[in-house]
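Subject: Structure handover and notes

Hi,

Here is the structure I promised to pass on to you. My notes on what turned up in it follow below.

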Amino acid sequence: MVDMVPETLQASKPDQWSIFTERIGIWDKNDFVRNEFVDHINTTKDSTDYLWHTTSFDVDRNYPASGNHPILNIGSKGHAVHAFLNNMLIGSAYGNGSESSFSVQMPINLKAGKNEIALLSMTVGLKSAGPYYEWVGAGLTSVNISGMQNGTMDLSSNNWAYKIGLEGEHYRLFKPDQGNNQRWRPQSEPPKHQPLTWYKVNVDVPQGDDPVGLDMQSMGKGLVWLNGNAIGRYWPRTSPTDDRCTPSCDYRGKFSPNKCRAGCGKPTQRWYHVPRSWFHPSGNTLVVFEEQGGDPTKITFSRRVATSVCSFVSENYPSIDLESWDKSISDENPLAAKVQLSCPKGKNISSIKFASFGDPSGTCRSYQQGSCHHPDSLSVVEKACLNINSCTVSLSDEGFGEDPCPGVTKTLAIEADCS
């Protein structure tokens, strides 16, 4: 059993944070202009997740008329979009693992005169289409505004200016040799809940040699790098609370989306593995691009620590390798089943939290004694296992002595701490 032990993000310098704010929409000369929507994947050609679409339109000076509530309607083949109106984020929408296409309606407040819409279309690797990924397509298919005085304003055939990628990507802000880039602005306290923001911080390597995870649950959606190495996309969306959620499940057999619903109401992703080989002894640069807004001060490293080991073995458990069955072993004299416990390298079994020889039940960390329990269970296991890295306890151990309940198939359940 493993625990994620949090480690404070140790900054290597007092003024640890630097930021760069993306310009919304066309951040340089546009790449091209069309009176239609283009396919996202065949336009970006896998060079980036991001494709900007921008257009503008005029609203009558007499707007708004009482009772009018305009709605921005967006249709897309996927995978996701952030919508900005007059440089303000007004909403986001996504497909899902089963269907990447989506449509969304966003209430908006227009101003009299010129209004500007910037839509950041994104691919996020949702669609699995085998060898035909590029034919499935992605990107916007329709944009209109309903609830206007004159009905619906269709913007799909407007003049749309396109820009491939982000400004920060163009400047390669994620590369360590860009660490002194003049575009970074030092901050003693980074801004929070701000969309389209790049963050840079110098961090120390987490102690020990346990595997390291980056805890991103305080952030929204984006990308993250360590010393120029891409840790990947992060997106710790909270899963919906569902009555069909089960505390435990079995993945065997055919999979369906309703199978093994666990972790309801919790982030669907949280820890992102960071290989220790990517860390330097000092001077490590963590770069985060946040799309929607989050709190970067709550980002932490976590060490994946094996804190306990469990075993649950019954008398009728196979005690031989079935792949190499020894025909000379008689079924009349079966080998006794054994419990084998082993802590990770460098750790020993420091305590026995649970031990029961009889008919215990439950799962690791929630074992319970049954109606049959040998009173010497704990002492037998402690004698065999305490203060060593690994141990074996046979269900026929003489320490168990007299059978406490004849006729019952015996089980030995053990939970031990490692330290």
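Which residues is Ile74 in contact with, leaving aside its neighbours within four places in sequence? Before the reply, one caution: this is a predicted model. The contacts of Ile74 are Ala83, Phe102, Ser103, Val104, Met106, Leu119, Leu140 and Ser142.

Ile74 belongs to the largest nonpolar core, which has 26 residues. Along with Leu72, Ile117, Leu119 and Ile145, Ile74 touches the most other members. At least two residues of this core come from each of β4 (50-59), β5 (71-76), β6, β8 (102-107), β9 (113-122), β10 (140-148) and β12 (160-164). The biggest contribution is that of β10, with four residues. Another core, of 23 residues, lies apart from this one, and its members include Phe84, Leu223, Trp235 and Phe289.

At the β7 end, six bridges hold the antiparallel pairing with β6 (residues 80-85). If you want a spot to look at, His82 has Ser92 in β7 as its bridge partner.

Another open sheet has four strands, in the order β1-β20-β15-β18, and again the pairing is antiparallel. Here β1 (2-7) and β18 (271-274) are the edge strands; each has a single partner strand, so one side of each lacks a neighbour in the sheet. From one strand to the next, the twist averages 35°. β1 and β20 (residues 300-306) run antiparallel and are joined by six bridges. Within that pair, Met4 stands opposite Arg304 in β20.

Now the cysteines. How many disulfides does the structure hold? There are five, and I'll describe some of them.

The sulfur atoms of Cys245 and Cys264 are 2.0 Å apart in their disulfide. This link is right-handed, with 100° about the S-S bond. Both cysteines sit in the loop between β17 (229-234) and β18, so the pair ties together parts that are 19 residues apart in sequence. Cys245 is partly exposed, at 24% relative accessible area, and Cys264 is also partly exposed, at 22%.

Cys372 and Cys405 are joined by a disulfide as well, with an S to S distance of 1.6 Å. This pair links distant parts of the chain, 33 residues apart. Cys372 lies in the loop between β23 (349-358) and α4 (377-385), while Cys405 is in the loop between β24 (390-394) and β25 (411-418). Are these two cysteines buried or exposed? Cys372 counts as buried because its relative accessibility of 4% is under the 20% cut-off. Cys405 is buried too, at 13%.

Finally, Cys385 and Cys391 form a disulfide with their sulfur atoms 2.0 Å apart. Their link is right-handed, with 85° about the S-S bond. Both Cys385 and Cys391 are buried.

Happy to talk any of this through once you have had a look.

Best wishes

How values were computed
Residues are numbered from 1 along each chain as its sequence is written. This is a predicted model: local features need pLDDT of at least 70, side-chain atom pairs count only at pLDDT 80 or more; totals for chains, interfaces and linings use all residues. Side-chain values use heavy atoms; hydrogens and water are left out. Two strands pair if DSSP finds at least two bridges between them. Axes are lines fitted to C-alpha atoms, for helices over the stretch in contact, and angles run from 0 to 180 degrees between N-to-C directions. A nonpolar core is a set of buried Ala, Val, Leu, Ile, Met, Phe, Trp, Tyr and Cys residues joined through side-chain atoms within 4.5 Å. Buried means under 20% relative accessible area, exposed over 50%, partly exposed in between (1.4 Å probe, protein chains only). Contact means heavy atoms within 4.5 Å. A disulfide is a pair of cysteine sulfur atoms within 2.5 Å.
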